[in-house]
Amino acid sequence: MGNTKSKKPVKAADRSPVKAELSQPAKDSPRQAPPQNPSAKPSTPSSSKSVGTKASQKEDGQAFSAKRLEEVFNKYKEEGEDEPMIGTTGMEKFCQDLEIDPEDVITLVIAYHLKAQQMGCFTKEEFMKGFEALGLDTLDKIKKHMPKFRAELDDAVTFKNIYRFTFDFSKEPQQKCIDIEIAQVLIGLLLVDRHALASSFLEFLKQQDSYKGLNVDQWTSLLEFCKTIDVNFGNYDENGAWPCVLDEWVTWAKEKKEGEEGADS
């Protein structure tokens with residue numbers, strides 16, 4: 001899908017996690033097959049074409065079928081696009097059929113596995129390669145896999161990878177920052193239920209007007225800060241190497257707490 005029409009820009013209002021796929025690094029170029037050893041048995045291809053049937057056996061014992069998966073894609077794809085893709089409308093229908101909310105955090109996990117490059121759409125290549133790697137070729141199989149997708153959020157290493165992926169996935173192409181409103185939504189989805197400090201940072205972002213976005217250092221540092229600093233900032237080092245936005249948040253949070261305590265006394 002090299003010579004394809006560039007994706008249409010996605011409006012901020014449509015950039016919910018499920019209506020979403022993010023900008024990712026360029027895809028790996030196809031691997032070159034090693035010289036064949038006449039005495040060796042033929043190896044199974046590492047990937048299949050987007051159309052046809054692959055004879056690899058998966059968990060349910062059935063051979064994976066790219067044709068079946070393509071039928072799923074065609075059910076949700078946008079009509080009239082130069083590059084086959086599932087857009088906002090198809091994404092909402094896809095989530096509806098999976099019985100998940102379009103703004104459920106699990107949609108970020110799906111986008112992560114599909115290596116989606118932009119919020120608001122799945123390209124055919126992303127959809128086919130991503131679900132083939134998971135061995136899922138029907139809507140029912142994808143639906144049954146939802147608990148496994150959700151469980152990945154509880155694995156620290158996988159969660160960190162998903163969190164980092166979400167930065168690239170959520171920012172506008174060619175931009176270095178996530179829009180502050182998008183950042184607030186994603187922090188609410190990814191961190192608030194997992195780290196006690198995240199709610200305070202979210203409140204700080206909503207009341208300030210200095211920062212219009214978060215860069216990758218601020219984004220990744222926030223997760224590490226929430227994991228390592230206690231809820232009262234007792235082990236916070238003001239001379240540490242945290243981004244300024246986090247230092248300003250701590251100052252704001254402490255002043256806010258002092259003001260509340262003074263009002264109660």
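Biologist: What distance does helix α7 reach from its first C-alpha to its last?

Modeller: This is a predicted model, in which local features need pLDDT of at least 70 and side-chain atom pairs count only at pLDDT 80 or more, while totals for chains, interfaces and linings use all residues. Residues are numbered from 1 along each chain as its sequence is written, and side-chain values use heavy atoms, with hydrogens and water left out. Helices (H or I, at least four residues) and strands (E, at least two) are DSSP runs numbered from the N terminus, and the expected span of a helix is 1.5 Å times one less than its number of residues. Helix α7, residues 156-170, has 15 residues and an expected span of 21 Å, and its C-alpha distance from first to last is close to that, at 21 Å.

Biologist: Against which elements do the buried residues of α7 pack?

Modeller: Buried means under 20% relative accessible area, exposed over 50%, and partly exposed in between (1.4 Å probe, protein chains only). The buried residues of α7 include F159, I162, Y163 and D168. With contact meaning heavy atoms within 4.5 Å, the buried residues of α7 pack against α3 (106-114), β3 (177-179), α8 (180-190), β4 (213-215) and α10 (216-228).

Biologist: Within what arc do the buried residues of α1 fall?

Modeller: In helix α1 (residues 66-76), the buried residues are A66, L69, E70, V72, F73 and Y76. The arc is taken from the directions from the helix axis to the C-beta atoms. Seen down the axis, the buried residues of α1 line one face of the helix, because they fall within an arc of 155 degrees.

Biologist: Which residues are exposed on the other side of α1?

Modeller: The buried residues of α1 pack against β1 (85-86), α2 (88-98), β2 (122-123), α4 (124-134) and α5 (139-144). On the other side of the helix, the exposed residues are K67 and K75.

Biologist: With which residue does E70 form a salt bridge?

Modeller: A salt bridge is a side-chain nitrogen of Lys or Arg within 4 Å of a carboxyl oxygen of Asp or Glu. The closest N and O atoms of the pair are 2.4 Å apart, and the partner of E70 is K124.

Biologist: How many residues apart are E70 and K124?

Modeller: E70 lies in helix α1 and K124 in helix α4. The pair therefore links distant parts of the chain, with a separation of 54 residues.

Biologist: Is E99 buried or exposed?

Modeller: E99 forms a salt bridge with K143, the closest N and O atoms being 2.9 Å apart. This pair links the loop between α2 and α3 to helix α5, across 44 residues. K143 counts as partly exposed at 29% relative accessibility, whereas E99, at 61%, is exposed.

Biologist: With which residues is H145 in contact, leaving aside its neighbours within four places in sequence?

Modeller: H145 is placed in the loop between α5 and α6 (146-151). At 12% relative accessibility, H145 counts as buried. Apart from those sequence neighbours, its contacts are L134 and L136.
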